[in-house]
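Please look over the sequence and the model before reading on.

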Amino acid sequence: EGVGPQDYTCIKLKVIEFSPETQAALAGNKDIEGKTIFMVAATLRPETMYGQTNCFVGVDLKYGIFKTHKSDELFLMTERAARNMAFQNLSPSNGEVSKVADLVGRQLIGTQVKAPLSTYPSVYVLPMDGVLATKGTGVVTSVPSDSPDDYATVMDLKKKPDYYKVQPEWIVPFEPVAIINTPTYGNLAAPTICAQMKIASQKDKTQLALAKDAVYKDGFYNGVMVIGEYAGKPVQEAKPEIRKQLIEAGEAVPYNE
Ligand code: A2H
């Protein structure tokens, strides 16, 4: 990590309804009136977006809502990401960072968003412990079928909704979706490897790092898509095509850091 520039795809999760806490925080804010707000999630796996079941934020992280290159669209993310985007043609003018609201991750839990390509019509914003303020946008889209971190976190939330202050109906109906098949881990790589390695929680960090590496490589080199337009095609072929389509459809933006 932190070795060289990363080519992320930032997925635009359109806000359908903010949590009551966020609605209260934004009440009377004229800068957001009539605008479409997106929670923007940096991913290295655009081909897995069919399997989005929720979105993660860090409860103690600071977020902002920022003006973008499109006058009718606002991005919700960390200020750090907004500063980087300001030099990647994603802000009103080069280098300009224009924040219209401040929020804390905790306030966003329970917000309902539309995740592009997801088989679920809408998904919810949930808490994750390990979201770094220093990477991506501070917003992580969750694909429990293919990301061991996401799967382990979703398991924690399902087991202890009260402790994590989430409602079961925000998580329980959203089962992992088969996206990619590999000879080693079948078509639900993350649940399979978590069971094999007896990973029970997002707190099992050492094991999760190993699991993440194993399924990432296996999926990329040996994976075949089992869903969507590229079903039957290798991941290596589908990945750049799906990325391009999301960007052309206005549902994602390229982002480097
Ligand atoms: B990936 P790298 Cl299916 N804090 O997207 C913690 N993790 C973050 C983050 C942050 N601020 N920003 C992005 N990420 C996650 C999909 C995915 C991802 C799958 C499988 C593996 C995987 C769905 N979540 O990542 O350190 C995002 O999760 C494993 C590497 O820059 C992003 O891609 O390599 C990935 O970490 C970027 O991590």
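Angles between axes under 35 degrees count as roughly parallel, over 145 as roughly antiparallel, 65 to 115 as roughly perpendicular, and the rest as oblique. H4 and H7 pack at an angle of about 130 degrees, and the two helices are therefore oblique to each other. The model is predicted.

**The nonpolar core**

- The largest nonpolar core has 71 residues.
- Those with the most contacts inside this core are Cys10, Met39, Val40, Ala41, Cys55, Leu76 and Val125.
- Strand E2, residues 36–43, gives the most to this core, with 6 residues.
- Leaving aside neighbours within four places in sequence, Val40 is in contact with Cys10, Lys12, Phe75, Leu76, Met77, Thr137 and Val139.

**Thr141**

- Thr141 is placed in strand E9, which covers residues 139–142.
- A residue counts as buried if 20 or more other C-beta atoms lie within 10 Å of its own. Thr141 has 28 of them within 10 Å and is therefore buried.
- Not counting residues up to four places away in sequence, Thr141 touches Ile11, Leu13, Ala41, Thr43, Gln52, Cys55 and Ala115.
- Between Thr141 and Tyr164 there are 23 residues in sequence and 18 Å in space, taken from C-alpha to C-alpha.

**H4 with H7**

- The axes of H4 and H7 are 9 Å apart.
- On the H4 side, Pro148, Asp149 and Ala152 meet Leu208, Ala211, Lys212 and Val215 of H7.
- By class, this contact of H4 with H7 has 5 nonpolar, no polar and 2 charged residues.

**H4 with H6**

- The axes of H4 and H6 come within 8 Å and cross at roughly 70 degrees. That angle makes H4 roughly perpendicular to H6.
- Pro148, Asp150, Tyr151 and Ala152 of H4 make the contact with Ala190, Pro191, Ile193 and Cys194 of H6.
- The residues of this contact between H4 and H6 divide into 7 nonpolar, no polar and 1 charged.

**H6 with H7**

- Helix H6 (residues 189–196) and helix H7 (residues 205–222) pack at an angle of about 140 degrees, and their axes are 10 Å apart. H6 is therefore oblique to H7.
- The crossing in which H6 passes H7 is right-handed.
- H6 contributes Ala189, Ala190, Ile193 and Cys194 to the contact, while H7 contributes Ala211, Ala214, Val215, Asp218 and Gly219.
- Sorted by class, the contact of H6 with H7 has 7 nonpolar, 1 polar and 1 charged residues.

**The buried side of H6**

- In H6, Ala189, Ala190, Pro191, Ile193 and Cys194 are buried.
- The buried residues of H6 pack against helix H4 (148–159), strand E10 (180–181) and H7.

**Loop residues**

- Most residues other than glycine have a negative phi.
- The place of Lys165 is in the loop between helix H5 (161–164) and E10.
- With 14 other C-beta atoms within 10 Å, Lys165 is partly exposed.
- Pro183 is placed in the loop between E10 and H6. Pro183 has 9 other C-beta atoms within 10 Å, so Pro183 is exposed.
- Pro183 and Asp31 are 152 residues apart in sequence and 51 Å apart in space, C-alpha to C-alpha.

Terms used: Residues numbered from 1 in each chain as written. Predicted model: local features only at pLDDT ≥ 70, side-chain atom pairs only at ≥ 80, totals over all residues. Core = buried A, V, L, I, M, F, W, Y, C linked by C-beta atoms within 7 Å. Buried ≥ 20, exposed ≤ 12 C-beta atoms within 10 Å, placed from the backbone. Helix = DSSP H or I, 4+ residues; strand = E, 2+ residues; numbered from the N terminus. Contact = placed C-beta atoms within 7 Å. Axes fitted to C-alpha atoms, helices over the stretch in contact; angles between N-to-C directions. Left-handed = near helix turned anticlockwise from the far one by under 90°. Nonpolar A, V, L, I, M, F, W, Y, C, P; charged D, E, K, R; others polar.
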